[in-house]
Amino acid sequence: MLYPLLHALQPFLVPICFICTWVFLAMMAMSIQSAVSSGVDRAKQMHQIPCSDCIFFTNDYRLKCPVNPKAAMSEEAIDCGDYRTKNSYGSR
């Protein structure tokens, strides 16, 4: 019973496998492109965090910022109102 069905489908198996393979490769390429794009967008956003150039930044893992300890080195610190550059007080 299986042999006649397989024999009838044999002319279509190669094109079906060919199309399925290219669809799989296209989906995999789109997935990789989406992951890379998402990673680049996340990296751009994380590079906007100004904490490491702030005068209040301690570079200590226990207390990174005494002014805003919860927001330090996070996305909340992007528009920090207490941000002061390290050179802003030295030039007075």
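## Terms and basis

A residue counts as buried under 20% relative accessible area, as exposed over 50%, and as partly exposed in between, taken with a 1.4 Å probe and protein chains only. By that scale, R62 is exposed at 65% relative accessibility.

This is a predicted model, in which local features need pLDDT of at least 70 and side-chain atom pairs count only at pLDDT 80 or more, while totals for chains, interfaces and linings use all residues. Residues are numbered from 1 along each chain as its sequence is written, and side-chain values use heavy atoms, with hydrogens and water left out.

## Salt bridges

Side chains of opposite charge can pair when their charged atoms come close. The structure holds two salt bridges, each being a side-chain nitrogen of Lys or Arg within 4 Å of a carboxyl oxygen of Asp or Glu. One of them joins the side chains of E75 and R42 at 2.2 Å, N to O. Because E75 lies in the segment after α1 (2–46) and R42 in helix α1, this pair ties together parts that are 33 residues apart in sequence; helices are DSSP runs (H or I, at least four residues), numbered from the N terminus. E75 is partly exposed, with a relative accessible area of 35%, and R42 is also partly exposed, at 41%.

The side chains of D60 and R62 form a salt bridge at 3.3 Å, N to O. Here D60 is partly exposed at 25% relative accessibility, whereas R62 is exposed at 65%.

## Nonpolar surface patch

A nonpolar patch on the surface, whose members include F18, W22, M27, I32 and V40, has about 1,200 Å² of accessible area together. Such patches are made of residues with over 30% relative accessible area and no salt bridge, with nonpolar side chains (Val, Leu, Ile, Met, Phe, Trp, Tyr) joined within 5 Å and like charges within 9 Å; accessible areas come from the Shrake-Rupley method with a 1.4 Å probe, and for residues only the protein chains shown count as cover. Of the patch members, I32 has its place in helix α1.

Note on methods. Helix = DSSP H or I, 4+ residues; strand = E, 2+ residues; numbered from the N terminus.
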